[in-house]
Amino acid sequence: ALLLPGLTLVISPLISLMKDQVMALQNAGIPAGCIHSAMSVEELREAYRDTRFGAYKILYIAPERLLTDGFCALAQELEISLLAVDEAHCISQWGQDFRPVYLRIADFVDSLPTRPVMGAFTATATERVRQDIIRLLRLQNPETVTTGFDRPNLYFEVIRPKNRDAALMDILRRKRGESGIVYCATRKAVEQVCDKLIRAGIDATRYHAGLSDEERKENQEKFQYDTCPVMVATNAFGMGIDKSNVRFVIHYQMPRSMEAYYQEAGRAGRDGEAAECILLYNGSDIFTAKWMIEHTEPNENMTAAEQSAVRYQDMNRLNRMVDYCTKPGCLRAFILRYFGEN
């Protein structure tokens with residue numbers, strides 16, 4: 001982005017992720033900005049004006065904003081050298097976070113006066129999703145780089161405890177003073193688990209979408225700076241979290257897919273040192289996960305047939321997740337096979 005002459009446009013699906021990255025770039029002295037739906041009319045106007053006058057080298061934008069009349073008109077005037085699609089698996093209905101609005105990125109690129117260089121990035125994509133990314137973004141003879149899914153410093157374990165809370169306490173006592181994340185499937189579980197840990201004298205904090213922006217930010221900082229080394233959270237926590245010394249990730253309940261599990265577990269041990277990824281499995285998790293899949297908010301950008309195909313895929317992914325938790329054999333081998341490696 002810094003070597004190319006014009007602007008780099010980064011398409012990113014999460015506002016919190018954009019804000020974090022823009023702040024990190026600005027702190028490093030790189031002129032960056034963002035455009036998303038949470039901005040006021042005045043803020044949008046200012047961002048458009050700054051973009052037009054070349055104030056940014058890197059501009060983050062939500063995919064929904066790309067095709068608004070205002071941005072389409074602005075894009076015609078810009079020298080866009082590079083268009084980077086982050087979380088590119090969102091374009092595939094075989095991916096774990098399908099967002100139909102990603103399908104319109106290729107049309108946006110076609111509408112530009114000159115076609116920029118394109119890049120697409122994701123941490124978790126099966127072979128099928130990789131093919132979809134190339135086809136649906138209409139990439140031309142792309143250079144494909146897969147860095148490999150194996151993280152040798154991570155230790156994987158599935159425990160089927162009689163008492164989940166007791167098992168969690170045992171692990172946390174063994175890990176006292178170390179930084180880690182405890183993932184729960186629901187907000188209610190986050191609240192209950194966090195309360196129990198605090199009562200047991202463990203410095204824990206919590207994170208889920210039901211908290212105010214202010215509290216989320218405050219709790220994230222407590223975790224980031226090790227005031228509270230243990231974070232209890234739903235999957236709302238994690239995108240853009242770049243804390244290197246996370247020594248363990250415990251899943252209090254089973255996630256709905258291997259993609260989600262590996263992305264969350266993979267937040268451990270980013271400094272390359274040994275870290276543990278432990279999943280506390282109980283058969284009742286299957287019912288929670290099924291209920292959540294069946295009660296996903298309907299997406300107004302999708303037809304009934306597409307919604308039903310996605311639900312079918314989600315159920316398939318859940319079945320593979322159950323296999324991971326219940327079938328004998330090496331867990332690392334299972335993960336790598338799932339992503340198409342040996």
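User: Which element gives the most to the lining of the second largest pocket?

Analyst: First, the idea: a pocket, on a 1 Å grid over the protein atoms alone, is an open set of points where a 1.4 Å probe fits, with protein on both sides within 12 Å along at least five of seven lines, and lining residues have an atom within 4 Å of a point. Helices (H or I, at least four residues) and strands (E, at least two) are DSSP runs, numbered from the N terminus. Here α2 gives the most, with four residues. This is a predicted model, where local features need pLDDT of at least 70 and side-chain atom pairs 80 or more, while totals for chains, interfaces and linings use all residues. Residues are numbered from 1 along each chain as its sequence is written, and side-chain values use heavy atoms, with hydrogens and water left out.

User: Which residues line the second largest pocket?

Analyst: Among them are Lys19, Cys34, His36, Glu43, Asp50 and Tyr56. The elements giving two or more residues to that lining are α1 (15-27), β2 (32-35) and α2 (41-52).

User: How many disulfides does the structure hold?

Analyst: A disulfide is a pair of cysteine sulfur atoms within 2.5 Å. The structure holds zero. For Cys228, the nearest cysteine sulfur, that of Cys194, is 8.0 Å away.

User: Is Cys277 buried or exposed?

Analyst: Buried means under 20% relative accessible area, exposed over 50%, partly exposed in between (1.4 Å probe, protein chains only). Cys277 is buried at 0%, and Cys228 is buried at 11%.
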